[in-house]
Amino acid sequence: MSENIFEVRNVTLRFGGVVSLNDVSLEMRRGEILAVIGPNGAGKTSLFNSLTGVYQPQEGSITFTGRDGKALSIIGQKAHRVANAGVARTFQASRMFSALTAFENVKIGAESHRGIGVLGAMVRGPRTRRGEKDSDALTIELLDFVGLRAKANVISASLSYGDRRRLEIARGLATNPQVLLLDEPAAGTNPAEKIELTELIRKVRDVRGVSILLIEHDMKLVMALAERLYVLNFGSVIAQGTPDEIRANDAVIEAYLGSAATAEEK
Amino acid sequence: MRAFLRRPIVRRFFMIGAAMAALEVMTGPPGSTEAPTAGFAGSFTQPSPFFGLFSTVRWVVFLFLAVVIWAIVTLWSIQGAAIKRSVTTVTAVPRAATQRKSVRRGLGVVLLIVALILPHVITDPFWQAAMVEQIAVYVLLAMGLNVVVGFAGLLDLGFVAFYAIGAYTTAWVTGALPTPPLFGVDLNPFFAIPIAIAIAMLSGVLLGAPTLRLRGDYLAIVTLGFGEIITIFANNLYGITGGSQGTGVIPHPSIDLGPLHYVWGLTPVPYYYLTIVFVVIFLIAFSLLEHSRVGRAWTAIREDEVAAESVGINPLKYKVMAFAIGASTAGFAGVVTASQSNNIFPSSFTLFFSINILVLVIFGGMGSIAGVVLGAVLIQTVSMYLLHSPPAGYQSADLYIYLGALLILMMIFRPVGVLPSRRRKREIGLAESGEGHMDEVLTGDTP
Amino acid sequence: MGAFGHYLASHFTTLQKEFWYLLVGGVANGFLYGMVAVGYTLVYGVLRLINFAHSEIFMSGGFAGYFLMKALVGTTVPSGLSSIGLIGLGIVAGGLVGALVATALERVAYRPLRKRNAPKLAYLISAIGASYFMFNLAGKEFGRYSVSVPQPYINHAVFHVFGAPVLMYDIIIFVSGLIMLFALDRIVATTKLGRSVRAVAQDAETASLMGVNIDRTIALTFVIGGALGGAAGFLFGLGTGVVYTMGFTPALKAFTAAVLGGIGNLRGAMIGGLLLGIVESLSVVFVQAAYIDVVAFGILVAVLLFRPTGILGERLGRAA
């Protein structure tokens, strides 16, 4: 069985004439908390979208290897296929099913990988009922896990930013993933929420055994959480290593300082 | 002067006045190419009784109405909040009650009993026929389209195609087409039910699988075109469909099971009961579906397709499924219509039909099963009433003018319908306040 | 293979014989489709939605032209300069009424929804309602039967291309279509209004920050699209007659043309219109006349499935 859950080899992604990812290679080991950092517009979200089948890079390969040892080539796969293979994600600006309750949001995640069964749904047969019961139980368990059980029946649009992040994590976990991709989970949260979120993310890995890939701006959070980092700038990997190594890397400091003045919020 | 005209209270008067003038023309006498202004002029100048008090001309009546409505609206804008509050207090108890499952079920049973005894109360042959052909069947159709438009959020403007497919399949298996019947023998229309449902469903899948990848507005146009194409084929394939002459005689269904003998004949009431049985079955099935995994997946796709995919939902599969369910419901309704009327003609399967069903769904409330049933019963009853005892100057095709106006009015004032689904109401509210990602599905503007 | 080969061969012989004749008719239709298609494309550019009621703008232009011709031509047989004058007047009348109807449409069916930031589904339904309302109201007011328009010219063959007659009617459409489409292209490319339209099409929010009046620009877009659609309605009516449902099929085809050229792309719509008109006309050789509409529909579905951005791509922002 491969040690690496993700293997990204020489991936290039272009939009018209704009190169969003340029010959990016990286690997992610099973069970680690890995972070991708970089200035705005460095290609972090493009990388995420390529890993989850939302974007289709023109060159290179991305291989996801599941716990069962089966390798899946991500490029060319539909997003829902990738999700079903065990890759869950959250979005930069949380994307929930806003008109549904927290409970329903997570439940949709919990039952999405079951078969469809229209007839079963229309007659509500025993299998359907059993499935419902299982998903309900998993949903409650996960809401409890992220600390939202008390808010199970709140419409998700009226949750706070911090709670939305937790809800997205719970929804992602409900799909029974092997890796969870978090796109700037700390954006829009207050310092107290940030600390809680850090603990939650670590708990996801430690308790549920889900590997974590993280994009983040908040350096404090990244340095506290990540075991390894990749640094992207202008679509290319400019450095990789442990938090201590990255902190001492001149190229990284250059990239951040050099672009800080011109960085614009994407 | 300009400032005066711009004051909300004055502007409102002109807007209501314009709306009343439009209503006047809609309800006025018809014109023709020989006398193109006769309709417009007559709409204002024809004599008309003033609410039974004295006789005057139409514009006086409508001006009076405009003033009354203006006064009510103005009063509402000043006192509305207070009135709303007191109304809410009064209706709080019944509203809370209707949220309860047991109460809802009880209400459903009561309505069902009313529906069952209705043919014994209303014995007028016009209304008995209308109850089957124009109300019960349309309830069925509205429930089917609701799965597509309400549950899955897909605008299908060619619903008539599947209804036509169901009707023509019935004619086919019962041997009423110029082409030989499907199994070589003329079958009882009851056997047409599974076949028609299967064929309609199959055509739903065949049309849907490629086109449901398209953005929502493109889908609307493609389905619109598809509805027209089916009519063109029905009209022109003389050797297969009988062309514009229509089909041959379609036999009435009959049951012949041991001691149980029954032949549905020319009287509408037995068809009414048959249709009601299926309405109840579809009603239960669809409401279970709404609250099942499938219903939740549709909601997820409708609200945010990208997020839905990220949790492993295959949008295309669920959309095709909604399309197929809607199509098979329409196909089934086609069987009922075909076996009840003696023969069918391509002229019954037009755009007008598709839009008519859409109005029922929109008026009742997209996504709300109770709403669309209510919408179908209300609108179809009114339109049958207009057909049965038309007011002066009313032509039967004028109905479409009213339906068109109703669609615009609903979208402006109450897009969620008269009896909205709670999910849909929240969704539209959230979309209007800039939350959520509903529009991406429709316009394909993914970030 | 043999039978099918024979079928093809015999039809190609017909195609050779009839080619120029069909081409002339196809180009004439193509100009009409193009004129209606630009209306779809313009509105799509600024509002990002398909104006389902555009068919009724076309219809109203047709009726405006009909009544004007009935009043001015009556039973006379005009020719020469008076023909040109009458046709000009008809185009102006069709255009004016089309613009008027488009404005009313925008006011009643679209603006209230825009003010409320309604979901796009609401716009589509409202537009469908408006279309339904308008054509059925026209049916009530003007009768529900088709009438032919009194002809302001003598429809003789003016000259021949490879033996195929080019009729006066075709020439009228070529000339007026060329003038109008060229004028539109220049308006959008060079005037201040055109700049605003392009700015709104590219990014409404930024445009409004730069001082573009969005409401006015959208209203004017409807006016321009409506004027062309109404004028096309008049020209169409001259050849085919007018009836309250006349908008449906030509509009569906014009929409196909707009998508074919790349919706939102002005020149694309014109080219798409011509292309569709020609293909449709030539297909008469291969399919029965009753199925011509099926051909157009097939093209629409094929384009949407295989090249949804059209031939020239979607880009009103950079059109022209």
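Okay, hi everyone. Keep in mind as we go that what's on the screen is a prediction. Let me begin with confidence in chain A. The average pLDDT there is 87, and 94% of the residues score at least 70. The stretch to watch is residues 260–266 of chain A, where pLDDT stays under 50. For that stretch the model has 6 contacts beyond four places in sequence. And as a rule, where pLDDT is low, predicted coordinates should not be read in detail.

Staying with chain A, let's talk domains. The assignment gives domain 1 as 1–86 plus 179–266, and domain 2 as 96–176. Where the domains touch, domain 1 of chain A puts in 12 residues and domain 2 of chain A puts in 10. On the domain 1 side, the elements giving two or more residues are helix H2 (79–85) and helix H7 (191–208) of chain A. H7(A) gives the most, with 5 residues. If you like to think in side-chain classes, that domain 1 side has 7 nonpolar, 3 polar and 2 charged residues.

Now chain B, which also comes with two domains: domain 1 is 2–88, and domain 2 is 106–443. Their C-alpha centres are 35 Å apart. The contact takes 4 residues from domain 1 of chain B and 5 residues from domain 2 of chain B. On the domain 1 side we have 3 nonpolar residues, 1 polar and no charged ones.

Chain B also touches both of its partners here, chain C and chain A. Take chain C to begin with: 46 residues of chain B are in contact with 43 residues of chain C. Quite a list of chain B helices supply at least two residues each, including H3 (38–45), H8 (189–211), H15 (351–364) and H17 (399–413). Which helix has the largest share of that side of chain B? H9(B) does, with 10 residues. By class, the side facing chain C splits into 29 nonpolar, 11 polar and 6 charged residues.

Among the chain B helices supplying at least two residues are H11 (268–290), H13 (305–310) and H14 (315–340). The largest share, 7 residues, comes from H12(B). This side of chain B divides into 12 nonpolar, 7 polar and 10 charged residues.

One last stop, inside chain C. The crossing is right-handed. If you want to click on residues, H2(C) contributes, among others, Gly61(C), Gly62(C), Ala64(C) and Gly65(C). From H8(C), have a look at Gly229(C), Gly230(C), Ala231(C), Ala232(C) and Gly233(C), which are among the residues making the contact.

Terms used
Residues numbered from 1 in each chain as written. Chains lettered and ligands numbered in written order. Predicted model: local features only at pLDDT ≥ 70, side-chain atom pairs only at ≥ 80, totals over all residues. Contact = placed C-beta atoms within 7 Å. Helix = DSSP H or I, 4+ residues; strand = E, 2+ residues; numbered from the N terminus. Nonpolar A, V, L, I, M, F, W, Y, C, P; charged D, E, K, R; others polar. pLDDT = per-residue confidence, 0-100. Left-handed = near helix turned anticlockwise from the far one by under 90°. Domains from an automatic or database assignment.
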